Amino acid sequence: MDRADLRYAAYARERLAAMPPPADAAAFALAYNLLQLSYLLVTDLEARIHRPRGWTLPGFRLMFKLWLLGPTQPARLAEISVMSRSAVTNAVNTLERDGLVERRPVPGDRRALVVALTPAGEAAVRETFAEQTRREQEWFAPLDAAERELLTGLLDRVLAARPDESP
């Protein structure tokens, strides 16, 4: 199948390879491919799995974290989701309105709250997780198990050593 985005990436890499520094054709190709894959994967998962349920992928990610962690404070959800606190609050508001999560007080701390899945939210996460897993397997089917493990390890290293986030 002809893929215009892949033709463009090859063209851009070739053009950059002929340029003097700071042009870096290899870094461009890696970043371009990762960004393109991320965009396509997110768009696909949202269109096929999450939007039909009235969700976004970030909303599902929050519910998935709650499914694994149990009741969690919103600030912790923001930290582990790499989302702003206001984005987490907005997502929680929507999920709470839909009966999928609830806010609960923390015993012994009158000001603190945790977010927890409702029974309906847990059932929805289980069902959606199974569907999303099947779709992810389709996306990564061109790689064998060893290649998937290698790619995951390489991406883990890049994520762990990422540049400082402060301006």
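Let's start with helix α4: its buried residues pack against α3, α5 (85-97) and β2 (109-117). Some terms first. Helices (H or I, at least four residues) and strands (E, at least two) are DSSP runs, numbered from the N terminus. Packing here rests on contact, meaning heavy atoms within 4.5 Å. Buried means under 20% relative accessible area, exposed means over 50%, and partly exposed is in between, with a 1.4 Å probe and protein chains only.

A word on the source. This is a predicted model, where local features need pLDDT of at least 70, side-chain atom pairs count only at pLDDT 80 or more, and totals for chains, interfaces and linings use all residues. Residues are numbered from 1 along each chain as its sequence is written, and side-chain values use heavy atoms, with hydrogens and water left out.

Back to α4. Which residues of helix α4 (residues 74-81) are buried? They are Leu77, Ala78 and Ser81. Seen down the axis of α4, these buried residues fall within an arc of 100°, so they line one face of the helix. That arc is taken from the directions from the helix axis to the C-beta atoms. After α4 comes Val82, and its phi is positive, near 55°.

Now salt bridges. Side chains of opposite charge can pair when their charged atoms come close. The cut-off here: a side-chain nitrogen of Lys or Arg within 4 Å of a carboxyl oxygen of Asp or Glu. How many turn up in the whole structure? The search finds 12.

Take Glu46, in helix α2. Glu46 pairs with Arg51, and their closest N and O atoms are 3.8 Å apart. Glu46 is buried, at 16% relative accessible area. Arg51 is partly exposed, at 48%. Setting aside neighbours within four places in sequence, Glu46 is in contact with Arg51, Pro52, Thr56, Leu57 and Pro58. Trp67 sits 21 residues along the chain from Glu46, and 19 Å separates their C-alpha atoms.

Next pair: Arg53 and Glu127, a salt bridge at 3.2 Å, N to O. This one links distant parts of the chain, 74 residues apart. Arg53 is in the loop between α2 (25-50) and α3 (57-69), and Glu127 is in helix α6 (residues 119-139). Arg53 is partly exposed, with a relative accessible area of 26%. Glu127 is exposed, with 52%.

Stay on α6. Arg126 forms a salt bridge with Glu122, with 3.0 Å between the closest N and O atoms. Both lie in helix α6, 4 residues apart, about one turn of the helix. An α-helix has 3.6 residues a turn, so residues three or four places apart point the same way. Arg126 is partly exposed, at 46%, and Glu122 is partly exposed too, at 31%. There is also a network: salt bridges that share partners join Asp44, Arg48, Arg135 and Glu138.

Last topic, pockets. We used a 1 Å grid over the protein atoms alone. A pocket is an open set of points where a 1.4 Å probe fits, with protein on both sides within 12 Å along at least five of seven lines. Lining residues have an atom within 4 Å of a point. Grid points are joined across faces, edges and corners, and volume is the space filled by probe spheres set on the points.

The largest pocket holds about 1,500 Å³. It has 36 lining residues, and the closest to its centre are Leu37, Ser38, Leu41, Phe140 and Leu155. Which helix gives the most to that lining? It is α2, with 12 residues. At least two residues each come from α1 (4-17), α2, α3, α6 and α7 (145-160). By class, the lining has 22 nonpolar, 6 polar and 8 charged residues. Nonpolar covers Ala, Val, Leu, Ile, Met, Phe, Trp, Tyr, Cys and Pro; charged covers Asp, Glu, Lys and Arg; the others, Gly among them, are polar.

The second largest pocket holds about 150 Å³. Its lining is Leu37, Glu138, Trp139, Phe140, Pro142, Leu143 and Leu151. That divides into 6 nonpolar, no polar and 1 charged.
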